[in-house]
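This briefing is for a reader who is new to the structure shown below. The points after it are grouped by topic.

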Amino acid sequence: MKAYLGRRYRFSASHRLHSDAFNAQQNREIYGKCNNPHGHGHNYTLDVLLSGQVNGYGMVCDLAELDEFAQREVVQRFDVTNLNFDRAFENVVPTTENLCREIFRIFSTGFSAARLERIRVEETQNNFFEYME
Amino acid sequence: MVLLTRRADFSASHFYYDDALSEAENVRLFGKCANRNGHGHNYTLEVTVAGAVDPVSGFVVDLKRLKEIIQREVVSVYDHRHLNLDVPEFKTAMPTTENIAIAIWRRLENKIDGAKLTRVRVYEMPELYADYCGEA
């Protein structure tokens, strides 16, 4: 029997939206206050949605194993950091669209105990992003 | 493809009453919502659009612009208004949460450049919402 499992994590990070492909004025126009040279921060909420057959223990996957992976690979990597300095964003603007895709990549390549259905990242109470393949 | 959702709030009043029905029928169907003096809610709107992430800007759409479109097309028309009396589409349709979601979809459809409107969700209160995803 297939079931879905959703798990929520939180991390706080700063970023600055700026692309070297644009000049200073274009960056200000495109990214607005998110282009502030000193950056700004958010409390991000991450929702991971997994699916799979319910096993003999009544679980889609071992929650402790999922938590351990999420903490090690995502929370510890991004929490209380500046996203612009993360290796994933050396050449990619750390918009929450791109952060969402990077977190999807981390789970899809590193966590195989259940099927990854969707990654959802809430940047503020007023906006969130979802990525699925 | 990434889905992007933007929230907005508006506060409005409404009532449910069908003039074609008797007072008793209206009360039976709509309960205390049939009181023609109206009542109000703090509505929360979630607009979801889908699109490809621009490889340079990293955006699906500019959130600031999406916010402006929602503000101009919906919030400025609905906020602090009586939906039955002040908003044209509810002269003929009951301002139920379902119809509000459909009306907002129609107001936003074709207004968002570069992304596809995917879902409109309207919360009448935290415990009750309606979704409209167009007629696919």
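Read from the N terminus, the elements of chain B follow the order β-α-β-α-β-α-α-β-β. That gives chain B four helices and five strands. The model is a predicted one.

**Chain B as a whole**

- Along the principal axes, the C-alpha atoms of chain B occupy a box of roughly 60 × 30 × 25 Å.
- Chain B has 136 residues, and 26% of them are buried.
- Of the contacts in chain B that link residues at least 6 apart in sequence, 69% are between residues at least 24 apart.

**Where chain B meets chain A**

- Chain A puts 18 residues into the contact, and chain B puts in 14 residues.
- On the side of chain B that touches chain A, two or more residues each come from strand 1 (2–14) and helix 2 (63–78) of chain B.
- Strand 1 of chain B supplies the largest share of that side, six residues.
- By type, the side of chain B that touches chain A holds eight nonpolar, three polar and three charged residues.

**Strand pairing between the chains**

- Strand 1 of chain B pairs with strand 5 (residues 127–131) of chain A in the antiparallel sense, over five bridges.
- Val2(B), in strand 1 of chain B, is the bridge partner of Tyr131(A).

**The nonpolar core**

- The largest nonpolar core contains 52 residues, and Cys100(A), Ile103(A) and Val121(A) have the most contacts inside it.
- Apart from its neighbours within four places in sequence, Ile103(A) is in contact with Leu46(A), Val74(A), Ile119(A) and Val121(A).
- In soluble globular proteins, nonpolar side chains tend to be buried together.

Conventions: Residues numbered from 1 in each chain as written. Chains lettered and ligands numbered in written order. Predicted model: local features only at pLDDT ≥ 70, side-chain atom pairs only at ≥ 80, totals over all residues. Contact = placed C-beta atoms within 7 Å. Nonpolar A, V, L, I, M, F, W, Y, C, P; charged D, E, K, R; others polar. Pairing = 2+ DSSP bridges. Core = buried A, V, L, I, M, F, W, Y, C linked by C-beta atoms within 7 Å. Buried ≥ 20, exposed ≤ 12 C-beta atoms within 10 Å, placed from the backbone.
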